[in-house]
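Subject: Structure for you to look at

Hello,

I am passing on a structure that you have not worked with before. Please open it next to this message; my notes follow below.

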Amino acid sequence: MQAIIDACAQKRINATVRAVFSNKADAFGLQRAREADIAAHAITADQFASREAFDRELMMEIDAYAPDLVVLAGYMRILSPEFVAHYQGRLLNIHPSLLPKYPGLHTHRQALANGDEEHGTSVHFVTDELDGGPVILQAKVPVFPGDGEEDVTDRVQTQEHAIYPLVVSWFIDGRLAMREGAAWLDGVQLPPQGHAAE
């Protein structure tokens, strides 16, 4: 989230972060938002009878800002189909693996346990399938013998801070869209692994 706020401030993304929402009142992202004079909102699940009720309230509060794009950054709550459908084609997520490998949690641990020599991160459109939406861009990192989870995490996060703002800028500049269940960049359908960046 901080990388995206910084990219907006530096005009690498031609947009403004209007608000930050979290389902955890003590989320550090809310503090980062306040420090950047961005509206910060906490909506906790214990106030609602169901996931759907929570998501309806969240949608209502997000829609008050009329966003062009909704960006998930460290949001660890599974979204209802209603929420995903409401923001279809303008809802992005970043996931710390080379999707479709290792959806869900503990991706770095899985990569190490499986002896992977390569790991990474993926920016993708969000669909109803957990970490299964069309991949837009991936960044790969090496996994070295003797690496621990923290080593891999640091390496992956460095790449996340570079590629997520880039993908957001593509969307804001009208270069990126989701059509026919696929990601499209500059009018070209991207392959399943996303844009092949050098």
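Contact here means that heavy atoms lie within 4.5 Å. Please keep in mind that this is a predicted model.

In that sense, Leu79 is in contact with Arg51, Asp55, Leu72, Val84 and Leu91, once its neighbours within four places in sequence are set aside. Leu79 sits in the loop between β3 and α4. Its relative accessibility is 12%, so Leu79 counts as buried, the cut-off being under 20%.

Arg77 also belongs to the loop between β3 (70–71) and α4 (81–86). Leaving out residues up to four places away in sequence, Arg77 touches Asn23, Ala45, Arg51, Phe54 and Asp55.

The UniProt record, an unreviewed entry, carries the annotation "binding site" for Arg51, Met76, Arg77, Ile78, Leu79 and Asn93. Asn93 is part of strand β4, which runs over residues 91–95. With a relative accessibility of 11%, Asn93 counts as buried. Residues up to four places away in sequence not counted, Asn93 touches Leu72, Ser122, Val123, His124, Val126, Asp131 and Tyr164.

Next, some backbone details. The peptide bond from Leu99 to Pro100 is cis, with omega near 15°. Pro100 lies in the loop between β4 and α5 (107–113). His106 is in the loop between β4 and α5 as well, and its phi is near 60°, a positive value in a residue other than glycine. The relative accessible area of His106 is 46%, which makes His106 partly exposed.

A positive phi is also found at Asp186, near 55°, again in a residue other than glycine. Asp186 is placed in the loop between β8 and β9 and is partly exposed, at 46% relative accessibility.

Between β7 and β8 (residues 182–185) the antiparallel pairing covers 4 bridges. Leu176 has Leu185 in β8 as its bridge partner.

Regards

Technical notes. Residues numbered from 1 in each chain as written. Predicted model: local features only at pLDDT ≥ 70, side-chain atom pairs only at ≥ 80, totals over all residues. Heavy atoms only, no water. Pairing = 2+ DSSP bridges. Helix = DSSP H or I, 4+ residues; strand = E, 2+ residues; numbered from the N terminus. Buried < 20%, exposed > 50% of the residue type's maximum accessible area, 1.4 Å probe, protein only. UniProt positions renumbered as here; feature names shortened; annotations may be inferred.
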